[in-house]
Amino acid sequence: MFKNLYVLVSIIGMVLLLGYATTAENPQRPASTRYEQRPPSRDGIGKIYMGREISEVMGHLAAGWLERPEREREEMPNTLIGLLKLKEGDVVADIGVGTGYIARRMSPKVGKTGTIYGVEIQQEMLDILAKKMAEEGITNIKGVLGTITDPKLPPNSVDLAIMVDVYHEFSHPYEMMRNICSSLKVGGRVVFVEYRLEDDSVPIKRLHKMSELQVVKEMTPHPLSWVATHDDLPWQHVIIFEKVAGE
């Protein structure tokens, strides 16, 4: 976790030194120059963004892994929900909602007057989500079929967007984040929950982990300001940004 302003400034300085912030800030930059293509490594797609190879996507056939009993111990989802500081009436976007494992834990926090948009790019996953929510009688979670570049959310409407072990799989991270930011209210928050790359003891494939520095670096083109990083969970960073300008 960043301990003070000096550390934060140092990290931002490292981003600038590496040259990524300058080259990525222009929204008109062609995608062909924004990304590099290399032979894919194991578990990757060979597409490089800001020095990071994008991982393969977990498909709907692996949905059962999202509901594994061990997840309570490995990820402590209730602790995560507490860190989000949700309140009645909030509009939340769960990007890569999957089976609704996290969304259904957020549901009582936003209450009957709140809404959770469960965004997926696979209709099969949304079908699983709808079935589970119907079984549990949850009515404030709405499935949304997005695309690989756009979550298809109403503009300037979202209080909090959360991505749990998802962002590293985006095939178009710049475009997705641009559109997620467009959906946020000014002052709205974006939360990244990613397995810690800095910790070799975390038993997750390397391309499915991200460092805090890499997440901060990849957010520099967007109207987001870093707020906090929490390492209260056993294996994951919880990295929080706030939208600071309209888009």
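Author: Let's start with proline 155, which is in the loop between strand S6 (141-145) and S7. Helices (H or I, at least four residues) and strands (E, at least two) are DSSP runs, numbered from the N terminus. Before we go on: this is a predicted model, where local features need pLDDT of at least 70, side-chain atom pairs count only at pLDDT 80 or more, and totals for chains, interfaces and linings use all residues. Residues are numbered from 1 along each chain as its sequence is written, and side-chain values use heavy atoms, with hydrogens and water left out.

Reader: Fine. Is proline 155 buried or exposed?

Author: Buried means under 20% relative accessible area, exposed over 50%, and partly exposed in between (1.4 Å probe, protein chains only). Proline 155 has 61% relative accessibility, so it counts as exposed.

Reader: Now the rings. How many aromatic pairs are there?

Author: Five. Rings of Phe, Tyr and Trp (its six-membered ring) pair if their centres lie within 6.5 Å; planes under 30 degrees apart count as stacked, over 60 as edge-to-face and the rest as tilted. Take tyrosine 167 and phenylalanine 192: the ring centres are 5.2 Å apart and the planes meet at 85°, so this pair is edge-to-face. Tyrosine 167 belongs to the loop between strand S7 (158-164) and helix H9 (173-183), while phenylalanine 192 is in strand S8 (residues 184-196), so the pair ties together parts 25 residues apart in sequence. Both tyrosine 167 and phenylalanine 192 are buried.

Reader: And what does a tilted pair look like?

Author: Tyrosine 195 and tryptophan 235 make one, at 6.3 Å centre to centre with 50° between the planes. Here tyrosine 195 in strand S8 is linked to tryptophan 235, 40 residues apart, in the loop between strand S10 (224-230) and strand S11 (236-243). Tyrosine 195 and tryptophan 235 are both buried. Ring pairs also link Tyr167, Phe170, Phe192 and Phe241 into a cluster.

Reader: Which charges sit over rings?

Author: The test is that NZ of Lys or CZ of Arg is within 6 Å of the ring centre and within 35 degrees of the ring normal. Lysine 47 lies over the face of tyrosine 35, 4.2 Å from the ring centre. Arginine 105 has its charged end over the ring of tyrosine 101, 3.9 Å from the centre.

Reader: Arg105 is in H7. What is that helix like?

Author: Helix H7 (residues 103-110) is mostly covered, with six of its eight residues buried. Arg105 is among those six, as is Ala103. Just after H7, glycine 111 takes a positive phi of about 70°.

Reader: What about a buried charge, say aspartate 94?

Author: A salt bridge is a side-chain nitrogen of Lys or Arg within 4 Å of a carboxyl oxygen of Asp or Glu. Lys and Arg count as positive and Asp and Glu as negative; His and the chain ends are not counted. Aspartate 94, in strand S4 (residues 91-95), is buried yet has no salt bridge, and the nearest side chain of opposite charge, arginine 71, is 8.0 Å away.
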